[in-house]
There are 4 protein chains.
Amino acid sequence: MRITTKEDYIRSLKEQHHVVYYNGRRVEDITVHPAFIPHINAAAKTYEMALRPESEDLATAVSHITGQRINRFTHIHQSTNDLIRKVQLLRAIGHETGSCFQRCVGWDALNATYMTTFDIDQKLGTDYHQRFIQYLRMIQSTNKMVVGGMTDPKGDRSRPPGKQSDPDLFTRVVERREDGVVICGAKAHQTGGANSHEILVMPTQAMAEEDKDWALTCAVSLNAPGVVQIFGRQTNDERKFGGRLDAGNPDFGLVGGETLIVFDHVVVPWERVFMCGETDFTGILVERFATMHRQNYGGCKGGVSDVIIGASALAAEYQGTHKASHIREKLAEMMHLTETIYAGSVACSAMGYKTPSGAYYPDPLLANCTKHNVSRHVYEVARLAHDIAGGILATMPFEQDLRSLDVGRYVEKYMAGVDGIRSEDRMRILRLLEVMTGGTALVESMHGAGSPQTQKVMYGRLGKLDMKKKMAKRLAGVDQ
Amino acid sequence: MRITTKEDYIRSLKEQHHVVYYNGRRVEDITVHPAFIPHINAAAKTYEMALRPESEDLATAVSHITGQRINRFTHIHQSTNDLIRKVQLLRAIGHETGSCFQRCVGWDALNATYMTTFDIDQKLGTDYHQRFIQYLRMIQSTNKMVVGGMTDPKGDRSRPPGKQSDPDLFTRVVERREDGVVICGAKAHQTGGANSHEILVMPTQAMAEEDKDWALTCAVSLNAPGVVQIFGRQTNDERKFGGRLDAGNPDFGLVGGETLIVFDHVVVPWERVFMCGETDFTGILVERFATMHRQNYGGCKGGVSDVIIGASALAAEYQGTHKASHIREKLAEMMHLTETIYAGSVACSAMGYKTPSGAYYPDPLLANCTKHNVSRHVYEVARLAHDIAGGILATMPFEQDLRSLDVGRYVEKYMAGVDGIRSEDRMRILRLLEVMTGGTALVESMHGAGSPQTQKVMYGRLGKLDMKKKMAKRLAGVDQ
Amino acid sequence: MRITTKEDYIRSLKEQHHVVYYNGRRVEDITVHPAFIPHINAAAKTYEMALRPESEDLATAVSHITGQRINRFTHIHQSTNDLIRKVQLLRAIGHETGSCFQRCVGWDALNATYMTTFDIDQKLGTDYHQRFIQYLRMIQSTNKMVVGGMTDPKGDRSRPPGKQSDPDLFTRVVERREDGVVICGAKAHQTGGANSHEILVMPTQAMAEEDKDWALTCAVSLNAPGVVQIFGRQTNDERKFGGRLDAGNPDFGLVGGETLIVFDHVVVPWERVFMCGETDFTGILVERFATMHRQNYGGCKGGVSDVIIGASALAAEYQGTHKASHIREKLAEMMHLTETIYAGSVACSAMGYKTPSGAYYPDPLLANCTKHNVSRHVYEVARLAHDIAGGILATMPFEQDLRSLDVGRYVEKYMAGVDGIRSEDRMRILRLLEVMTGGTALVESMHGAGSPQTQKVMYGRLGKLDMKKKMAKRLAGVDQ
Amino acid sequence: MRITTKEDYIRSLKEQHHVVYYNGRRVEDITVHPAFIPHINAAAKTYEMALRPESEDLATAVSHITGQRINRFTHIHQSTNDLIRKVQLLRAIGHETGSCFQRCVGWDALNATYMTTFDIDQKLGTDYHQRFIQYLRMIQSTNKMVVGGMTDPKGDRSRPPGKQSDPDLFTRVVERREDGVVICGAKAHQTGGANSHEILVMPTQAMAEEDKDWALTCAVSLNAPGVVQIFGRQTNDERKFGGRLDAGNPDFGLVGGETLIVFDHVVVPWERVFMCGETDFTGILVERFATMHRQNYGGCKGGVSDVIIGASALAAEYQGTHKASHIREKLAEMMHLTETIYAGSVACSAMGYKTPSGAYYPDPLLANCTKHNVSRHVYEVARLAHDIAGGILATMPFEQDLRSLDVGRYVEKYMAGVDGIRSEDRMRILRLLEVMTGGTALVESMHGAGSPQTQKVMYGRLGKLDMKKKMAKRLAGVDQ
C-alpha cells in the first residue's frame, strides 16, 4: 500500500509495531506520544509537500526505473538539475519545519548504494545491483521512509572493527545461512529512526581485508525481530510534555530525533543484502554517502537558519532595537553566513557528474567544503541570534508563570516590549530562538554527515596539491 | 547573626520566607526544592572557601572599616592586589562549581555604590556615603548575600524611562514619604536572587534630568512586603528533577539561577536609600558597576572553561581519540581562549587605580575588553568541546535507559569506549559537557555584565582616538 | 584588424600612443617598460588561451549577434552554462598567472550595459541598445580590450556628485554638442587601464534626479585627446626593475596594474553614448555591473589562492616541515577557504537567470556573498601562508647578495633547506609567496568589485527579511 | 665611553667598522645610508626617551648590581612592577616610532642568560654567572645595544643539529682553545643587528646530549673578525631611497631591520662564554628567552596598532566616511583587538615571579597566550585598516606624480577628500597605513618571538590538563 498523505504515514507507523524505548520504557504507539509527534510532523512534510501543487515540482520526480511520478526522497538523481532541486527542496522544507525532517539520510543511502552496487557487480560479477533495484522499486512504490544506517558505535576509535574488545561495536555478520545473514551490532545517531519503516545498513568506514565480516550493506525492516531502538535525549526534550509556548517550535521540535538502533541477531534475507564482505568497496560507499549527505547541509540548515534570522529580526523589533545599526549589521552577517552554506550546496550540485551507474553525483570536494562551513557557520548564526535577542533568552519565566493567577500579571507587564506587541508573542519568538540555537541543534550541525575532521582529511585527498605545487613552481621559475 | 558555614547559609534562607515562584507556583522552602538546590550549593561555596585554610587568603579580607576579617565578597577593594585576588578567587570557585556562584554581582554593586555615594556627597553635600557605610557594616558583619540589581525590563529599548507606555518598566520612586520611599518596577536577570538576602537596586543606565524618579539606588530586603521573585527557565532545567547522570553537573547546575524581582509598592526606609534623583551620577554608577562586573568574567568563566577543557580531554580519552593531532590542537586552542580571557581580568586589575573614595577600581577599558572577549571565546570553547566530544553529545540515551532491565545492557554495550572505562562514566562526562556548553550557559556569557554592543560603545569613549590620530599625523608628516 | 595573438596585442598597444604616466614621467612605449610588461603578459593570457586547443572551449564562445566564434571576454552570456564557464575560465587563467589578468572588468561592463540599455529603450523609447550593439560588434570583431570604468574619485564620500566642491570628482557631461558630449572627471582604480584599448564609462552609484549630468555611460578610446592615465604604486613595484628572483612572480606581477584615468574635456561622439541623464537606470546598471564582477572573485582569486597553496606546500617541503600535522591542517584550511569562495562563484552562476534583454545574469545575492567571503578569506589564506613559510619571508637577503662574490656563499649556505633542494629555488618560492600575500594584492581582494560594506548593504535589500519573519511567526505560533 | 644621546649612539656605530652587506654590496657607513637610517632612528628612541624627564621613569631603572641609574633596556627585572613598566615602555616607544625599535630582544637575552647562568652554576658548580655579571656590568655602564641571537638557519627542520648535512646550520663550537672558543654558524632574523654593538648568542632549541657542541651561549662584538652581516629585504624597501611621502613612515621604517649574522671562525674569549656544552640547560634558556620576548608583543605591537588605528580614523575623516556606523564599529574592533594583546602583556607581567637568581620572570603561559593573540590580531587590525582606508591604498599615484608639472594638478584634484584637507596630507596618511599593514610588518608579528605553533605546543606543556581533568571528573561524579 502506497503512503501518500500524512495520515497514511501516521497509520503506517501505528501499524508497524516496531520496538522503541524512550526514557527507559517501551513506547507502544509513538504517533500519540509527545516525544515523537514533532518528529513525525516534520517527516510528514516530505509527504505533504509532494501533494501541494506549488511544491510538486520540487518534491516529486519521475522514476528512471518505472517512469512513474514518485516522491523525490526516493529518487535516484538523473541530472545536475536533480541535484540542485534536491538542495532547493531541503531549504524549502527547512522553512516549513525550522527543524530536521530526517528523510534525506535514507535518500542518500539509496543513491550511494545504487551507485556502488553497480560498481561491485561490474568488477566482481555479483548481482547486488539487480537485487537493489528490486528493493528500490518497492521503496518507490510504497513511498516508505528509510533510515541511512551509517555510523557504528565504534568503541575505541583508535582501533579497527576486528581489534575491538567487543566485535559488535561495529555492525557485522555473525552467521551466513541459506536464507540470509544474521547480524549483530548497532547504528548510532539514527535520525528519524523511530518514525521510519526501513533501515539501509552500510559500513561506517573503509574496511581492510581482515574486516570482511563488517563489510555489510543490507536493508532491514525496523519491525524485524531483534531490532530495538532507544531514543536519544535532546536539549529541553521535556518541554514537549508541557505547554506549547515553552516548547519553542512545538509542532516540529528542534532536531530530527535520533535513535540508537540495535541489531540483536537479526536475520536479513539474501535479497536484502547488497554487500557482504567486499571490503574494497567500503571506502567508496562511505565516501559517496558522505558526499551526498554533505551536499544537503547548506540546503536544510540554510532553511533553518532563515527561520533563526527571521526570529532574530522579530525579537529586535519587539523590543525596539531593530533600527540600531549594529543589529542590522548582525542580521546581514547572519544572512551572509547562511547564503555561504547554501552556495556550497548549490555549487557542488551544479558541478556534479554522472557515475558509471548513470546516477548523478555532486562534486565531492565542494560538498565537503559545504558541510565544513556548516560546522562553523551555524554556531556563529546561533551566537549572533543570542546577541540580538538579549539576556532574556536565558532568564525568561515559564509559560506557567504567564498563566498563573498570582504572578501572570507581572510576567505580562514586565515582558512587554514595544507598544502593540503582546508579551506572550514576544515570549513565543524568544522561545523559538532559544530552542533553535541551543545544544542538540548545534551539535547536529557539527557532526551530522561527518565530524569536521573527516572533511579536513578530504582536502588532503581531493585537493590536488601536486597540481598546485606545479603551478607555483612554474610561476616562481623553479625547474625541478 | 553571622552566616559562617554552609549550614548557616541554608538556615538563613529557610527562615527568610521570601516570595519565590517557580513554574507558576510559589515555592515554600527553596532549600529543599530540586530547582534551587544546585544554585544554593554554588553560592554556598563562597562561604565554604572562606573556612578552608588553603583558600582563606583568597576568600577573606580585612575590612577597612572595622579591621575585622570578613568574607571577601563583602570587601571594598583596597589595592590592585585586592583586585587581582578577586579574579583569582573567582577562577578558583569556578573550578569547584563549574557554574556561576552568583555572589560577585552584589559585591560589585557594593563597591560601585561605595565609590559613587562618596562622589555625590562631595559634590552635593548629601550624606549617602555615611548611610551606605552603615549598610555595608551590617553586610560585612552578617555576611549576607546581596544581589546587584542593575537591569530593568526596559520595554521599548528605543525610549527612555519617562517615555515608556508603562512607567514601571524602569524601577522608580512612586512616592516620597517621611519614613522612606515607595518603589515600583522590576529588575530582570537577577542572578542568585532566589537564594540571596538583599538586593542593592541601582539605575540601569545614565538618566537625563527629566528621568529623576528613576535615578534610584537603594537596598531592599528580599523578604520585604511587595517583593516577588519569578525564577527563569533554563536549558534542561527539568533534568534537575531526574537522576544525577542526566543533570550533568548535578550539584551545581549550569548557571547562577536568575529571577525577575518585582517591586510592587515596596517601602524603602531612608537609611537604605543611597541615591534618589541625582541623575548626574547615574552614568558613573552604571559604568563603575559594569566595569567591576566585566572585570570578573575572565576569572569565573576562565574557571568554568577549565572544567570544559578537562571534560573534553576526558571525552577524547574515553573514546580513544586523544592522541589525534587535531584533538590536541583543539584542546590547545581552548586553553588559549581561556587564558586570553583570564589575562584580561588580571590586566585590568593590575592596571587598577584608587578612586577618590579610597576604593580601588580596575582599568575600565581593559575590563571592557575582557568581557567582550568572553562574549566570543566562551562560544568558541563550547564549539570546540562539541567538536571533540562527537555527535554522541546530541543523541545519547537517557539515564533511565541505562538503568532499564530491558535495554540497559544495550546502552552499556554500545556506549563503551576504550577498555577500562565504564560506559556510565563516559556518559557522565558527556552529560557534563552537554550542560556546560548549551543554551543558557552561553547566553549568560554573552549578556552578563552587559551585552557586546555596550562594550563596543565604550571603545569610542575610552579609546583615546584623538591621541592616536595625533601619533599617526606626526609619523606621516601631516602638520595640521 | 582583429587581435588574435599575444604579438597582435602587444603591437596594438605599441601603436596606440595613449598617454600613460609612471612615477611622474610619461611612458612612450609601455610594451618595453618593466613596470608594465608583467601586466601585459597577464592580459595577453586571455588571448593566448583562446588559441590553445585544450582551453578553447572555455576561452571562446559563439557570438549571439554574429554567430562568429569570439573571445569569451567579449561575449554576452547566453545561459547559466556560460556563466559557469566564465568562472571556470577565470580560475584557469589564475593558475597561469598567479595574478589579476584584468580583462573581466570590461567584460562585465559590456554585459551590464547590454542589459541596461535594453531596459532604458523599452521604457523610454531611446535607441541606446542598438548603438551599443554596434559598439559590441566592433569589440567582438576586433577583440579589443575594454576597461570597465566604474569608480569615480568621489571626494567627500558623505556628499552626492552635485554637492562636491569640485563637480569633476564624479565624471560628468560638461557640454552637449551636436557631434557628441564633452566629459570631465576621472575613473580611479582602473585595472588594466594602461594596456587596454577602450574604456566603457559607467556611473559609479545610483544618482538622484538632480545629478543628471553625472548619469553617463559611454565608450572612450584610450588614445582620445584629453585622456591621461597615471599608473598607481604597488607593493614592491620597484622590484620589477631588478632581478627576476626578487620580483617573485616576475612574468605576471602581483595585481592587474591600476591607473587613474583622467578625462580632461574629452569629446565622445553620440554613437558611443549609451546613457545620458537617465538617472532612473543608474542604480540598476551599477548593481548589475557589481553583481557580475562579484561573481568573478571566487574564480580568479580561487585560482590565485591555488598557487599560494602550492607555494606554501613547497615552502614547507623545502624546509622539512611538510609532515607536521599542523602544516597539513593549515594547508587543508587554505584549500577549504579557497573552495568556499569558488563555490560562491559557481553557485551564483548556476542560479543565474535570463534578463529581458536575453542576456543571462548571476544570482545577485549569491554573487554578493561570494565577494564578501573573498574580502575575508584571501587575507586568511595569506596569513596561513605566512604561518607556514616562516619568518624568513620577512628577512631573506636580496638576490644580489646571493649573486655576490663576497657573501653569495653565505647566502647559499644558510638558505639551505632539505637536501637536494637548491637554496636559490627555495628563495624563489619564498619570494613568490611574499609578493602574492602582501599589501596591494590583499587590498585588491578587499575592495575590488566593491568594498565589504557595499555587500553588507545588499543583504538588507535582497535578503527577504520579511519572508523570514513570516516563517518564524508561523512556527512560533504568533498570529499577528 | 657611555652612550647617552642619539648622537653618541650614531657616533658609536660610525666608529665600529662592522661588516654589513646590503643588496650585494658592503656598506661602509650605515649611519648615512638610507636603508639603515630609519632603523637607527627607531633604536635611538631607546636612548632619547631615557633623557626626557616625562619618560625617564619608564625608560631608566636602578641597576641592582651597581645602584647606578641605567637605561632600562639593560636592566635585570627586580619586581613585577619592573615587568609592567617594560610593557608600558614598549607601548610608549611604539607610539613614537610606529615601528620596531629592536632593543628588547637583547634585553630579553640578558635577562634569560642572567637567570640561567645562575641555575647552571648552582647545579654544576661552574662560574658562568659571575662571568656574565661582569659582562652585564660593562653593558649597563657603556649602554651598548645588544642583539639577542636566538634563531639558527636550521636547514632541514625535521633533523637535529648533529644530523644536518652542514653542521654549521646551527651555530656551534668548532674548536676549544686556551684563550676561548672558535665558532661557526649563523643567526637569522637578527633584529637591529646592523645597528647594534654586541650579539648575545644563545642556543635555538633544547639540545640532546649528543648535540653538545651546539649548546652555546656567548657574547660576540659585532666588529669581531669573522662576523659578517647581510641585511634582509623588506616590503617596499626601495622607497627609502625615494621621497618621504611614498616611504609612509619615513623616519622610522616599518620593521626593525633584520640581518643574517654569519660567524665564520670567530674567536670568543672564555670570559664571554656563558654556556658551553651544558645541554641540560638549553631548553630552559630558550623557554625563558621566548617567554620574556613573548611578553613584549602586546606592548610594542599594541603601540604600533594604536598608530594604525589613528591613521585609519584619519583616512576615514579625510574622505568623509568617519560618521558611518560600520566605520565606527571597525575602529572599535581594532581597539578591542589592540587592548586584548596589551592585556596579555600586562597580565603575564602582573603574574610574574622571582626566579632563584633574583630576577623576575613573567608568567610563561600568559606570555605565550599574548604572543599567540598577536600572531592573529595584528593581521586582523591590518585587514580592518584596509577595509576603512578603501581601494585607494592599492592604486594611489607616486609622490613624483603629485610633484609632476604635467600631471601633478590631476593628482591634486582627484586625490581630494573633504574640504579643508590637502590631497597631499591625505596621501601621507594612506601611505603610512600602507607600509604599516603590509608584508614584512605582518610577518614580523606572526613569527617574531616564535612561530604560532611554538606557542600552541606550550599549552600542552603548561596548560595543566591533568588538573582540569580532575575537576571535570569531580563535578561529573566520576570516581576513577
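This is a predicted model: local features need pLDDT of at least 70, side-chain atom pairs count only at pLDDT 80 or more; totals for chains, interfaces and linings use all residues.
Biologist: Which residue of chain B meets A:Arg159 in a salt bridge?

Modeller: Let's start with the term: a salt bridge is a side-chain nitrogen of Lys or Arg within 4 Å of a carboxyl oxygen of Asp or Glu. Residues are numbered from 1 along each chain as its sequence is written, chains are lettered from A and ligands numbered from 1 in the order in which they are written, and side-chain values use heavy atoms, with hydrogens and water left out. At 3.5 Å, N to O, the partner of A:Arg159 is B:Asp419.

Biologist: How many salt bridges does the rule find across the interface of chain B and chain A?

Modeller: The side of chain B that touches chain A has 27 nonpolar residues (Ala, Val, Leu, Ile, Met, Phe, Trp, Tyr, Cys and Pro), 28 polar ones (the others, Gly among them) and 24 charged ones (Asp, Glu, Lys and Arg). Over all chains, a search of the whole structure finds 172 salt bridges. Across this interface, the count is eight.

Biologist: What area is buried between chain B and chain A?

Modeller: Buried area is the accessible area (1.4 Å probe) that two parts lose on being put together, summed over both. Carbon and sulfur atoms give 59% of it here. In chain B, B:Arg233, B:Phe398 and B:Tyr414 lose the most area to chain A, together 13% of what that side buries. The total is about 6,800 Å².

Biologist: How are the two copies related?

Modeller: Copies are superposed by least squares on the C-alpha atoms of residues with pLDDT of at least 70 in both. Chain B can be laid on chain A with an RMSD of 0.0 Å, using a turn of 180° and a shift of 0.0 Å along the axis. The copies are thus related as by a two-fold rotation axis.
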